[in-house]
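Please keep the sequence and the model at hand while reading.

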Amino acid sequence: MYGSECWGTTTEYMQKLDTFQNRCLRYICKIFWPTTISNKNLYELTKTESIIVQIRRQRLRWLGHTLRMKSGSIPKTAMRWTPQGQRKRGRPKVTYRNTVEKDLKDQNVTWREAEKIAKDRSKWKKFTAALCPPEG
């Protein structure tokens, strides 16, 4: 998914994407109701994986890339930036950083630990492969 590494996503949005992908894969494989197949079997049949895993992997790859950038680079500065002043009423918008922090928190990894691991590219690759294993 082009540009998905920069998306700030909600659980609802990710579920909608996953449902759309599964519907398209079933259509391509000509699997219609009343014939049913589990998502896991569908991924094995088509030799693909869930779009959620693909997006998470892309997001973590981009995170490692930006964490290795020089401290004055625009992407690294933007990732750490917090706006001043008061925000509008209501629920805060889902940001890229919030989404990445949630991905890391789900795996019991802190932001500081991620920064340390990202400095070594080979360690980061192993780390992201462990966080986003291929399904099946």
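This is a predicted model: local features need pLDDT of at least 70, side-chain atom pairs count only at pLDDT 80 or more; totals for chains, interfaces and linings use all residues.

Residues are numbered from 1 along each chain as its sequence is written, and side-chain values use heavy atoms, with hydrogens and water left out.

**Helix pairs**

Helices (H or I, at least four residues) are DSSP runs, numbered from the N terminus. Axes are lines fitted to C-alpha atoms over the stretch in contact, and angles run from 0 to 180 degrees between N-to-C directions.

| Pair | Axis distance | Angle |
|---|---|---|
| α3 (residues 51–67) and α6 (residues 111–118) | within 9 Å | roughly 75 degrees |
| α1 (residues 11–28) and α3 | 8 Å | about 125 degrees |

α3 and α6 are therefore roughly perpendicular; that class covers 65 to 115 degrees. Leu63, Gly64 and Leu67 of α3 make the contact (heavy atoms within 4.5 Å) with Trp111, Ala114, Glu115 and Ala118 of α6. Five of these residues are nonpolar, one is polar and one is charged. Nonpolar here means Ala, Val, Leu, Ile, Met, Phe, Trp, Tyr, Cys and Pro; charged means Asp, Glu, Lys and Arg; the others, Gly among them, are polar.

α1 and α3 are oblique to each other, a class for angles that are not under 35 degrees (roughly parallel), over 145 (roughly antiparallel) or 65 to 115. On the α1 side the contact uses Met14, Leu17, Asp18 and Gln21. They meet Ile51, Ile52, Gln54, Ile55 and Arg59 in α3. This contact divides into five nonpolar, two polar and two charged residues.

**The faces of α7**

In helix α7 (residues 121–131), Trp124, Phe127, Thr128 and Leu131 are buried, meaning under 20% relative accessible area with a 1.4 Å probe and protein chains only. Down the axis of α7, these buried residues fall within an arc of 95 degrees, so they line one face. The arc is that of the directions from the helix axis to the C-beta atoms. Their cover includes α3, α5 (96–106) and α6. Turned away from the buried side are Lys125, Lys126 and Ala130, which are exposed (over 50%).

**Cysteines**

How many disulfides does the rule give? The count is zero, with a disulfide taken as a pair of cysteine sulfur atoms within 2.5 Å. For Cys24, the nearest cysteine sulfur is that of Cys29, 11 Å away.

Methods: Helices (H or I, at least four residues) and strands (E, at least two) are DSSP runs, numbered from the N terminus.
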